[in-house]
Amino acid sequence: MTGCCGTGEKGHAGDQSSLERVDLLSNERIAEGVGLMILHAPHTASLVEPGQFVHLRVGRGRDFILRRPFSVHRAHGEQIEILYQVLGTGTLAMAELGCSDDIDLIGPLGHGWDVPENIDHALIVTGGLGAAPLGGLAEKLAAQGVAVTVAMGAPTQERLVGRDVFEAVTRRVVIATDDGSEGEKGFVTGPVARLLDEGSYDMVYACGPEVMQREIASMCAKADVPCQVSLERLMACGIGVCLSCVVSTKDGLKRACVDGPVFDAGEVCWDASEIPPKH
Ligand SMILES: Cc1cc2nc3c(=O)[nH]c(=O)nc-3n(C[C@H](O)[C@H](O)[C@H](O)COP(=O)(O)OP(=O)(O)OC[C@H]3O[C@@H](n4cnc5c(N)ncnc54)[C@H](O)[C@@H]3O)c2cc1C
Ligand code: FES
């Protein structure tokens with residue numbers, strides 16, 4: 001498998017991923033249409049690196065033949081947390097799962113965030129549920145003595161999910177909401193532009209709607225700050241076989257499930273004009 005970017009420590013468990021029967025410890029609604037699931041998953045918890053994901057079987061029957069991919073929000077001891085947004089059949093079923101349900105997952109999967117050695121100051125940018133793969137990263141960076149600034153964007157104050165995790169590791173949390181119910185009114189890209197002007201960041205880590213990530217990637221390129229993004233694709237197999245999850249990069253097509261989901265933002269072809277011609 002190929003690396004995602006940089007030369008630092010890679011979030012990658014490689015061939016150590018496996019099928020794991022897990023116990024659901026809690027499954028709470030934490031905001032409108034958003035749940036937080038805590039699973040007893042000792043194998044995955046012991047190996048997962050921030051930014052990696054699990055492929056979860058959320059039910060039995062025809063609708064659930066395909067697993068659903070979810071980032072590990074945080075891992076502590078033998079437990080992992082999943083922050084999820086209810087969108088369709090699978091996530092509706094997830095919201096109904098209780099402690100006696102039979103659940104399994106394949107994990108940990110994919111390449112997580114690259115944490116180069118010698119970084120002093122990192123900027124984490126979240127858009128809505130984009131906070132999901134960044135909780136464990138914030139904790140890891142803080143534990144390594146990296147100064148962390150977080151810029152969070154969400155539709156409303158209630159949807160600033162994962163905020164408690166970020167506020168536990170840094171006082172520098174800047175907020176923007178679409179409706180102005182907290183922080184600056186508007187998209188998170190507004191505060192990020194100012195932070196990039198003011199700060200000297202060694203790395204930007206971003207996850208959220210793709211249009212937001214593309215904008216952040218462009219701002220970082222102009223500011224000459226390296227940036228990593230976590231991309232979502234429809235994933236059938238999750239292990240590199242089906243090619244349902246391809247991402248166009250300057251090095252050709254890559255599979256988000258094994259080459260990502262974290263990519264160097266400068267490597268991604270954000271529109272068709274960036275795709276290199278075939279020879
Ligand atoms: C690596 C990875 C990590 C992810 N981590 C999280 C996470 O931590 N929390 C979270 O809430 N969601 C996460 N997602 C998205 C999540 O997998 C989908 O929202 C989920 O599979 C939808 O399942 P469903 O059956 O409810 O929806 P469906 O009924 O299948 O679809 C509902 C809607 O979701 C879209 N959708 C379905 N699957 C995906 C997908 N894989 N990626 C993007 N959109 C999709 C469909 O196009 C449709 O619009 C992640 C996706 C990937 C690829
Ligand atoms: S999901 Fe099958 S190759 Fe990525």
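Valine 174 sits in strand 10, which covers residues 173-177, in what is a predicted model. Is valine 174 exposed, partly exposed or buried? Counting C-beta atoms inside 10 Å gives valine 174 a total of 19 neighbours, so it ends up as partly exposed; a buried residue would need 20 or more. Once the neighbours within four places in sequence are set aside, the contacts of valine 174 are Ala151, Gly183, Pro191 and Leu195. Glycine 153 is 21 residues away from valine 174 along the chain, and the C-alpha atoms of the two are 8.6 Å apart in space.

Zooming out, the protein is built with six helices and 16 strands. Its C-alpha trace stretches over about 50 × 50 × 35 Å along the principal axes. The radius of gyration comes out at 18 Å, and this agrees with a compact globule, because 279 residues packed that way would give a value near 19 Å. As for burial, 44% of the 279 residues count as buried. Take the contacts between residues at least 6 apart in sequence: 65% of them link residues at least 24 apart.

Then there is ligand 1. Around ligand 1 there are 20 residues, and the ones that come nearest are Arg68, Gly88, Gly90, Thr91 and Ala132. Two or more residues of this shell come from each of strand 4 (68-71), strand 6 (79-85) and helix 2 (89-96). Strand 4 has the largest share, with four residues.

How values were computed: Residues numbered from 1 in each chain as written. Chains lettered and ligands numbered in written order. Predicted model: local features only at pLDDT ≥ 70, side-chain atom pairs only at ≥ 80, totals over all residues. Near = placed C-beta within 6 Å. Rg over C-alpha atoms; globule rule 2.2 N^0.38 Å. Buried ≥ 20, exposed ≤ 12 C-beta atoms within 10 Å, placed from the backbone. Contact = placed C-beta atoms within 7 Å.
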